[in-house]
Amino acid sequence: MTTLLYSHPICAEHDTGPGHPERPARLQAVLSALDDPLFESLERREAPLADRAQIELVHPPEYVEAVFAAVPASGTAHLDGDTVVSAASGEAALRAAGAVTAAVDAVMAGEADNAFCAIRPPGHHAEPDRAMGFCVFSNAAIGALHARTAHRVHRIAVVDFDVHHGNGTQAAFWNDPDLMLFCSHQMPLYPGSGTASERGAHGNIVNIPLAPGAGSEEFREIYRKVVIPRLRAFDPDFVIVSAGFDAHYADPLAGLNFTEEDFAWATTEILHVAEHAARGRVVSTLEGGYDLEGLARSAAAHVTALMEAGPK
């Protein structure tokens, strides 16, 4: 067994324009870090295109059509004030979602213990009917619903440790008691949602806002006291991680003070639950992280933890 790495060169061609924080260099930093000899055993696979039916598990057809209609032949266009698309963005968005669905397929088939999807654009802000916060399609939610429709997986959890609230995943999961979201994030911060009172129609949303300046101690405490006990009680059949690394102390877009060791620790804690509840089945997908050095180190620590999972 092994850890799979899904990516595609087109994801680096998703051009968001000069000065945009969600830039191609982010993906290049992650992939360069994973080129280290320490990651020689990673099995690398090209992300396929998601098909429209997979995207439409979360997004209505009219939204999907609007996205592709907005993709310009040259230059850039805006889906919202923060979300920019260029000529390569349509394919990049399909590859990003396709990476997650293919990773779900591979893990369900027993081809690997787990997988990491190094992709962009990210996904956790994309609501069913609108792009938001650099995100076009809701990659983690698409992966979760694909696991259900293609593999009859019943109870699926998404654990999101990006510094920003995963409002898109929340919107997709809100009414389904067998889809559970655990989301720790800074508050106040974009997009302004994610209060602890937002619990979903069936108590299936667990939001844990953190004050600016919170660091390792606060992060590990909420995992020990809230995330891990509630995740264990939910007893998921599959776990998806929205792996944003912008809570790193060096990140310019937020004010939390996590280290790469914190992300590795949280990953290991999630994996321990998955080993008992979900046969170790975990797929992780890249979300935020905007300081290139902090992002690279954090992603490397996260993938190292994934590689160390499973029977030895």
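Me: Which residues of helix 7 are buried?
Reply: Start with the cut-offs: buried means under 20% relative accessible area, exposed over 50%, and partly exposed in between, with a 1.4 Å probe and protein chains only. Helices (H or I, at least four residues) and strands (E, at least two) are DSSP runs, numbered from the N terminus. In helix 7, the buried residues are Phe-219, Ile-222, Tyr-223, Val-227, Ile-228, Leu-231 and Phe-234. This is a predicted model, where local features need pLDDT of at least 70, side-chain atom pairs count only at pLDDT 80 or more, and totals for chains, interfaces and linings use all residues. Residues are numbered from 1 along each chain as its sequence is written, and side-chain values use heavy atoms, with hydrogens and water left out.

Me: What covers the buried residues of helix 7?
Reply: Contact here means heavy atoms within 4.5 Å. The cover includes strand 6 (156-160), strand 7 (179-186), strand 8 (205-210) and helix 8 (260-277).

Me: How do I read the span of helix 7?
Reply: The expected span of a helix is 1.5 Å times one less than its number of residues. For helix 7 (residues 216-234), 19 residues should give 27 Å, and the end C-alpha atoms lie 25 Å apart, which agrees.

Me: Where does helix 7 bend?
Reply: A bend at a residue is the angle between axes fitted to the seven residues ending there and the seven starting there. Helix 7 bends at Tyr-223, by about 45 degrees, and Tyr-223 is one of its buried residues.

Me: What follows helix 7?
Reply: Asp-235 does, with a positive phi near 60 degrees. Asp-235 sits in the loop between helix 7 and strand 9, and is partly exposed because its relative accessible area is 42%.

Me: What do the buried residues of helix 8 pack against?
Reply: They pack against strand 5 (114-117), strand 6, helix 7, strand 9 (238-243), strand 10 (282-286) and helix 9 (292-307). Among the buried residues are Phe-263, Trp-265, Ile-270 and Leu-271. The 18 residues of helix 8 should span 26 Å, and its end C-alpha atoms are 26 Å apart, which agrees. Just after helix 8, Arg-279 has a positive phi of about 55 degrees.

Me: How many residues of helix 4 are buried?
Reply: Helix 4 is mostly covered, with 17 of its 20 residues buried. Just after helix 4 comes Gly-110, with a positive phi of about 80 degrees.

Me: Is Pro-188 buried or exposed?
Reply: Pro-188 counts as exposed because its relative accessible area is 63%. The place of Pro-188 is the loop between strand 7 and strand 8. The peptide bond leading from Met-187 to Pro-188 is cis, with omega near 5 degrees.

Me: What is the volume of the second largest pocket?
Reply: Rolling a probe the size of a water molecule over the atoms shows where empty space is left. On a 1 Å grid over the protein atoms alone, a pocket is an open set of points where a 1.4 Å probe fits, with protein on both sides within 12 Å along at least five of seven lines; lining residues have an atom within 4 Å of a point. Grid points are joined across faces, edges and corners, and a volume is the space filled by probe spheres set on the points. Here the volume is about 150 Å³. Of the 16 lining residues, Gly-133, Phe-134, His-164, Tyr-190 and Leu-253 are the closest to the centre.
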